[in-house]
Structures are given as structure tokens and as C-alpha cells.
Amino acid sequence: MPETAEKFNFNELSEKALGDKRLMLAVASNTQRQYDGRQQRMAELPNPDALRELAGQIKQHTLDNLDFYLQQLVDSVRRNGGHVHFASTGDDARRIILNIAKKAGCKRIIKSKSMVSEEIELAHFLESAGLDLVETDLGEFIVQISHDKPSHLVAPIMHKDRASIARLFSEYFHTPYNDDPESLTKQARAFLRDKFRHADLGMTGANFLIAQTGQVCVVENEGNARQSITTPRVLVSLVGIEKIIPRLDDLAVMLKLLARSATGQPMTIYTNIFGAPRQSGEKDGSEEFHLVLLDNGRTEILADEEYRETLRCIRCGACLNACPVYRKIGGHAYGSVYPGPIGALITPLFKGLGTFKDLPQASSLCGACYEACPVKINIPKHLINMRRDIVRQHLNGRLERMFYRLWAWGMRSPFLYGLIGSLQKFDLRRRAKKTGWIQKLPMAASGWTQVRDMPPPARKTFHQLWKDRN
Amino acid sequence: MSDTTEPNLIAVVRKALGRDQPISTVPIPPAIDESIARLVDTGADLRPLFLQNAAEAKFHIDLVNHENLPEKLAAFLKSQNCQLVGMSISPLLEKLDLKESLKSRDIDLKTWDELTLDVAYELDCGITDVWAAVAETASLAILPDTKHGRALSLFPPIHIAIVEPKNLVADLLDLTRKMSAIQPPPQITLITGPSKTADIEGSLVTGVHGPGFVQIFFLE
């Protein structure tokens, strides 16, 4: 994919997030709750690590043979009476979907939550083409009417509190302010029910595509995706090609991990498995089914044997909830629809390392993401590899490169190492003379002392002590 | 339209994998080791496990038999103020012969063939049987066809599911095997509790777009 001209400043965005106390509290408590839920539910499995390993192997096997499974999926969907469309880019996908709607004379779209549609900004495109499109997942509906962006893969409005939602609803529906979550949900339900009833096109993404049977699987808790696949006469599922798994049995394995990892549930409320038009004589279900398969940079990642593994991701959000960085700054600071550790990895892969070179650095490499991942993507390893790529492609700053060249020069000579060490020791001990602590450092090192003091180095170096002892 | 570019895209994927020909042998997916993946043994006592998990999933449960089911069903519908009730068509539900007994209580019962989708939106309650019930998760599998409308377990605020012991399967692995044995139907939905959301500050609200109340009558 071409490098985007997008501007992205991680420091600015994350500092803005850190300045928002309300946001920090909301994200911290939500991620903690989901983290605890996952821990508890995963412990119910006979051998959680082995199951994660198996799920990772299933996804990896499918990716390694994706040409075969893609062909099998396409054949199966057609055999069931569905239509298959291929889209190389987001632009292709948007055009294909608009054409499907136009050809079938559809004007009112109900859309359930899907990350891939966020990726290609589908809703916005269809709305500007004059179609009435409504997001039907409660969180996504709130994102849509507040012209906001989702900040979490599973819980899109994790960054919002009830007061801001209550103000929004009061304005949107012209009703008195009421911040009770139950009343707010009822209000949205009544509004959306009318939309369901009159929709002529339903849109979904997918959690999994089953190659052998040609079926799509979408999991959810609210029932809005079920509405999308039940009421409208045309049904379109837009899915990335990496969502394929070989068989229904593999689906059972994936389902045991997905909801546990995402929300700490053994199963989501609804698991919808579909992918064919209604049979003759049926009163509900779609009359037409279209599967739009999207590449949009995926085959480039597939071609890279090192990073291919990142396509295993099932978008459960467990790595976000576990990440000490995400838990502080929330999702918007990552500047992409895919936030958190997995986002720090795939956003540069999708959109170019040049613009997003700060993202692989936005990690303490503590490994909590790897430990949480239900398909065992070694995120820390890939983040380190990506830092290596940054250096190899000279994307890091000139000053940084100069500093490391100097450092390498000093480290290679025992004499220079000793000399620089003593100068540094002399300077640091001088700075700590007054209080016994180093309270202020110059230039690049000032960040350290802004928030904490540092003890001075010992009078004698280890080398000297060693010499004295022997 | 898009179909013309299809061979191209599969070729793009193939090239990305470093091949220029389709692989000659069918790839074999990793074997599923049941000691890792299975949570419930097929030989286990499924009834108590299903009932326990169903309670945890926030289903309402009542144990019934063929004699008292019509009475219990009618009493339940009355207690919930249901006036318009829709029902799937199945030998089990036909045998119960509910129509007349409900009529005498001012409850209008319509079978799926008597309903339109518009009327389905007005239903107070939908009654269905199930295709399978998974003991591992208490998931109810609904398989729609001409006699089993999708809307019945989705549109009304209350869904009543009649579950029989013969519906029970042990594990999700057993369900997917049961599914593999039939032609892929247009849709199968697993229901594992009342519709809910926790989108607003993580507080749990039931009854969003699907039924907020799901009653299981476990028929023995």
C-alpha cells in the first residue's frame, strides 16, 4: 500500500489523553474489569495455554494455505447460493457495496459493528452517496451521532461517560436529560427498532469465515447483527481475507477463546452463523447474500513471512485491556482504528512505517499482550523487529543516529569507556552534592528527573572494586 | 462486476505465499486435541450441567412435563401480560394444542404460518423449540426454516424456548459436528442468555435489540 500523507503525532495525542483525567479513569476501570473477567474465564479451560497454541496453529495453517482456503470458501458460498466479490482496496470495496445497493434498489441500511468497515470508512462513504445508513450497535450508534471515533476494538465508547452520552441523546432526540444507562438504552432501542423494520439492506462484518461450509460467523450481545441478517431483503458481509478458518470444528475452538478473551464471557449472547439466501417459502432472512472479501494491504503482510503471524488476530481486544500503555492513554492516541499493542503493530504494516514510526515505540515490551493473546501472536517480538526496521530504513532522527554512532565508538574502546564513565560520574556526583539526590538533568535526560529524583552513582566503579579485591 | 477479477486475487494471495501453482495436495488442518479443547465429555450427566449453566447465563428456567406444560405456559403468559403470542410450527408444539386453552384466557396465539413480519414486530412473546442445546455453555441453537421463523426468538421482548433432554449435546465440539452433518442452512443462531449491552460505562442493561427475558421450559 502507498504511504499515506496522513499526519500522526503520537506524543501530542498521548499527552492530550494523559491530560484528560476523566478519560484516564474511564479507560482504567473498563480495561481492568475486562482484564479480570478474561483471567477468570480462561481459568475454566482445562489447559488455556495449549488451547491458545492450538488456535494460533489453526489460524497460521490457514494463512500459510490461504490460496487454497480462499478458493474453497468462494466455491462453498456460491454452492449455497451466495454471491462473492473481491476487493483489492478499500475503494474497490466501497464501490462494490454501493453498486450492490443501487442494483437492488436499496436505500435504508442497518449496519452492525465491524472493524473492517471502520478501516475503509464505509459508513461515511455510503452516507455521502445519499443512502440512509444507521449504526445499530449501541456503542457504534453513539459514535455515529456524536461524529466521534471508536477507541476500543470491542467496547467502542470506552472513553465516554454517561453524562456525555446523556447530553448527546438529549440533544439528538430532543428529550430531557437522563443519564440512567437503562433509559438511554431504551431510547436507542425504540429509535433503532423502527430503522430495523424499514431497512432494505443489512450489513455485517465477520469474526470468522468457514471455508468448508461457506458460512459467516458474527458474534454479538445486543441482537442488532441478528436484526441485520433477518429483516432486510439484501445482506452484505464485508470481511478481510484473513478471517478464514478451515472447518466448523475449528469454529468451536475459536468460540471457546473469543468471548472469554474479549469480555470474560464463556459465550456471547448471540452467535450468528449464516451465509445463504432464505429458502423458498421462508418469510424472513435475506433474499440475496453478498460476501465482499477485502485485501487492502493484507496480501502484502502475508508475503512477509516474519510479520504474516500478525494476520492471525481475531480482534478480541485482550491485548488492549492488558497493556499498561493503552490503559493510560486509551485508543485515540494510536491514530488508527486499530489501537493498543496489536494496533501499534498492524497500523504501520497497513499504512506505512514512515508515518507511524512512533507506534512500535509505544510499548514497554512487558509482554502482557503476548500473554493475553488467544492466538499467540508474539507482539513484543514483532515490535522489536519493527524498531529494527526503523533503524535499517533510517526513519529515526538524525540526532538519534549520531548519538548511537558516538555511543558505539565509545563502547568499543576500554580507554574511552573508562574516560567517559569517570566524567559522567564526576558530573552526576557534583549534581547530587547538595541534597544527596540528583534532582535535575540537562537536555534529553531532563524527562527522567522531571518526575523523579535519581541517586548518585557509587564513588568507585565495579571495575575499581574488582581490582581492589583481587 | 467483481467476479471477473476473482482469479486474479486468488493469484495475488498465491504469489504472496511464494507459489505460482495451486498446491497439489489438500492441506490438513491441525488436529483438534480433545484433551485440550473439550470442556464437557459426551458421557457426562448433561441435564444438571445444562440447567446450572443456563441459570448462570441468566435464562429463567422451569422444569415441566407433558401434562403440566400447557397450564404452566398459560400461567406464565398471563403473568407477563402477553396478549399476542407467536409460535413455531413443530410436532412438539402442535401436540400441546395450546390455541384453544390460551384463547379462553384472552391470549391470541398465532402460529408462524399465520404471521406476517409486520405483525411479528407487535408480538409480546415468541414460543419456539430448539434444534440443539449445548450443556457446556447453555447455548440454544435455533435453526430457521419455513416453519421456524427467525423473528420469533428475536423481535418480541420475551422468548420462550421449550427444551427437551434429547436436544442436549455436551460440548460446542459436538454442536459443530452436528452442524457439519447437515447441508449448511441459511442461518443458525446460538442464543446464550437475554440480549444485553455494557456499552455505557460498563453497566449491564438487558433487552437491547433482542428479547430481554428468555424463559426455558425444560420438558421431561
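Visitor: How many residues of chain B are in contact with chain A, and what makes a contact?

Guide: Gladly! 60 residues of chain B are in contact with 80 residues of chain A; two residues qualify if their C-beta atoms, placed from the backbone, lie within 7 Å. Helix 1 of chain B gives the most to its side, with seven residues. This is a predicted model, where local features need pLDDT of at least 70 and side-chain atom pairs 80 or more, while totals for chains, interfaces and linings use all residues. Residues are numbered from 1 along each chain as its sequence is written, with chains lettered from A and ligands numbered from 1 in the order written.

Visitor: Why are strand 9 of chain A and strand 9 of chain B said to pair?

Guide: Pairing requires that DSSP finds at least two bridges between two strands (DSSP runs of E, at least two residues). These two strands have five bridges, in the antiparallel sense, so they pair by that definition. Within this pairing, A:Tyr270 stands opposite B:Ile191.

Visitor: What makes helix 8 of chain A mostly covered?

Guide: Six of its eight residues are buried, among them A:Phe141 and A:Ile142. A residue is called buried because 20 or more other C-beta atoms lie within 10 Å of its own. The helix itself is a DSSP run of H or I, at least four residues long, and residues 138-145 make up this one.

Visitor: Which elements do those buried residues pack against?

Guide: In chain A, strand 3, helix 9 and helix 10; in chain B, strand 10.

Terms used:
A residue is buried if 20 or more other C-beta atoms lie within 10 Å of its own, exposed if 12 or fewer, and partly exposed in between; C-beta atoms are placed from the backbone.
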